[in-house]
Structure formats: structure tokens, C-alpha cells
Amino acid sequence: MRNLFFLVVLLTTILNSNAQNEINGEDELGSWFMYFGTNKIADKWSIHTEAQFRYYETASNFNQLLLRTGVNYHINPDAIATLGYGFIETDPSFTAYDIFASDILISNNSISEHRLFEQFILKNKVWEFKFEHRYRLEQRFVQNNYSGVSNTLHRARYRIQMTVPLTDIFFLNFYDEIFINLQNEAFGQNRLYAAVGINVTDNLSMQFGYLKNHFRETDFDRLQLGVFYNTDLRGIFKKKEE
């Protein structure tokens, strides 16, 4: 009986030690690689294009693919309304090492999401500081590809962004964005971001930044590389009309 007692204690100690040493996604410095485009097709209309590749680690261990597009109506240079659609594929599992990959990947644990969104952007300038306020509503149609369970979720987002020009080429960019669930618990997440930006050309810029993604029970630290490429396609569309 005594030997059995010591065996149970020993196994419990080993399991607790392994649990404490287990590496989770929130323990790693992940990365997001992003592309954003605003493609002008008329004086007051443009098409938004976007692709994001998100990883649990710096450049590996896939987490999420996000593809988004939309139609922008430019009310004036400081006000833009958007109606859009996004597709998101998420792997919610975190695999620090691939030793047991054959066992881990037996089932398809991915989550697919089709998302509609309505958005309104307001811009203003205070001295040299450029501010942008983004208001967004989302209707999310989410499906677990393994269990087949589907959910329809609704969410509101607000982002305040500030851009600080340093020179004609370099600038700083900061934002804070809060996500509010319109069902269950209200608070969804908060994203705090800071970056150094480079104006490569008049219509091409890049940002190198850091994101603190805070959820109710955990935080994720993410490095970000963003490419912003805006094109003017009005000439192509005018030729087609002629």
C-alpha cells in the first residue's frame, strides 16, 4: 500500500512538472505578415484588398489566414464608408514541436469563417498629428471543420489611430482597437500597436511594428510587417467605358 502511495505521488509530480514546462501559443513571440491596398476605380469609389498571414511563432507554426475585400465610397477626403467581405481560416491549436505531428494532425482542427462587415472612417489632423477613427460592425459565420458546429456571431470594433510624420520618408504609427461582442460577454479583445513606417514611394509604404493582443484570459505578443500599396485604376475603367 505504501509503495502504491509513493507511486501515485511520483506520477503526480511528473505530470505537474510537464504541465508547467508545456509551451503555449501565448508564450511565444509570433508574427503577422500583412498587405493592404486601396485601389481607386472612380473619383469617389475604390476597392479595398487585404491579405494577412499570422503565425504563433516568428515565421512558423501557422495560426490564421485572413483575406478581406470591400467597396469604399469616399464621401470626402476625410470620410469613407465601406461594405465588405472577409474569409478567415484559423488553426486554434499550437504545436511547439513537430515530434508527434502524425498524431496531432489526425483530425482537421481548423475553423473557417465567412464575415460581412460595414465600416466608417473619419480622419482629422491636430498640428502634425494625423488621426483616424474607424468604426466597424461585423457579422461572423463561423464553422468548426472537425465537429461541424456552426455559429453566427456579431461584433463591434472601434480603432483610434495616430500617425506622426518624422521626415518625408519616415513616420510613426500607433493605434488602439477594442472589440465588443454583441452577445454573451461584451469584452472580446483589445489590440495596442506601435510601428515605424517608411514611405517607399507616393503610393507604397511599409510598417515594422509590435502588437499586444489582449484577451480576457491571455495576451499575445506579435511582430508585424505591413505593406500598404495604393493604386489608381481610374484610367483603366474610363477606357473600358469608352
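Biologist: Among contacts between residues at least 6 apart in sequence, what share joins residues at least 24 apart?
Modeller: In this predicted model, 48% of those contacts in the protein join residues at least 24 apart.

Biologist: How many helices and strands does the protein have?
Modeller: The secondary structure comes to three helices and 12 strands.

Biologist: And what percentage of the residues is buried?
Modeller: Of the 242 residues in the protein, 33% are buried. The accessible surface comes to about 15,000 Å², and carbon and sulfur atoms account for 62% of that surface.

Biologist: Let us turn to charges. How many salt bridges does the structure hold?
Modeller: The structure holds 14 salt bridges. In general, side chains of opposite charge can pair when their charged atoms come close.

Biologist: Which residue meets Glu50 in a salt bridge?
Modeller: Arg68 does, with an N to O distance of 2.7 Å between the side chains. Glu50 lies in strand S2 (residues 45–55) and Arg68 in strand S3 (residues 62–76), so this pair ties together parts that are 18 residues apart in sequence.

Biologist: Are Glu50 and Arg68 buried or exposed?
Modeller: Both Glu50 and Arg68 are buried.

Biologist: What is the partner of Glu113?
Modeller: Glu113 forms a salt bridge with Arg140, and their closest N and O atoms are 2.8 Å apart. The pair ties together parts that are 27 residues apart in sequence, because Glu113 lies in strand S5 (residues 111–126) and Arg140 in strand S6 (residues 129–144). Glu113 is buried, as is Arg140.

Biologist: What about Lys212: which residue does it pair with?
Modeller: Lys212 forms a salt bridge with Asp221, the closest N and O atoms being 2.7 Å apart. Lys212 counts as partly exposed because its relative accessibility is 29%.

Biologist: Now some single residues. In which strand is Asn63 found?
Modeller: Asn63 is found in strand S3. Asn63 is buried, because its relative accessible area of 14% is under 20%.

Biologist: What does Asn63 touch, not counting residues up to four places away in sequence?
Modeller: Asn63 touches Arg54, Tyr55, Tyr56, Glu89, Thr90 and Asp91, with that exclusion applied. The C-alpha atoms of Asn63 and Ser110 are 9.5 Å apart, and these two residues are 47 apart in sequence.

Biologist: Where is Lys130?
Modeller: Lys130 is in strand S6, and it counts as partly exposed at 43% relative accessibility. Beyond residues up to four places away in sequence, Lys130 touches Asn124, Lys125, Gln161, Met162, Thr163 and Pro165. One of these, Thr163, is 33 residues from Lys130 along the chain, with 5.0 Å between the C-alpha atoms.

Biologist: And where does Ile180 lie?
Modeller: Ile180 lies in strand S8 (residues 170–181) and is partly exposed, at 29% relative accessibility. Leaving out residues up to four places away in sequence, Ile180 touches Arg155, Ala156 and Ala186. Tyr158 is 22 residues from Ile180 in sequence, and the two C-alpha atoms are 8.6 Å apart.

Biologist: One last topic, the backbone. What is the phi of Trp127?
Modeller: Trp127 has a positive phi of about 55°, although it is not a glycine. Trp127 sits in the loop between S5 and S6, and it is exposed, with a relative accessible area of 73%.

Biologist: What is the phi of Asn184 near?
Modeller: The phi of Asn184 is near 55°, a positive value in a residue other than glycine. Asn184 is in the loop between S8 and strand S9 (187–199). Asn184 is exposed, because its relative accessible area of 78% is over 50%.

Notes
Residues numbered from 1 in each chain as written. Predicted model: local features only at pLDDT ≥ 70, side-chain atom pairs only at ≥ 80, totals over all residues. Heavy atoms only, no water. Salt bridge = Lys/Arg side-chain N within 4 Å of Asp/Glu carboxyl O. Helix = DSSP H or I, 4+ residues; strand = E, 2+ residues; numbered from the N terminus. Buried < 20%, exposed > 50% of the residue type's maximum accessible area, 1.4 Å probe, protein only. Contact = heavy atoms within 4.5 Å. Areas by Shrake-Rupley, 256 points an atom, 1.4 Å probe, with all protein chains shown as cover.
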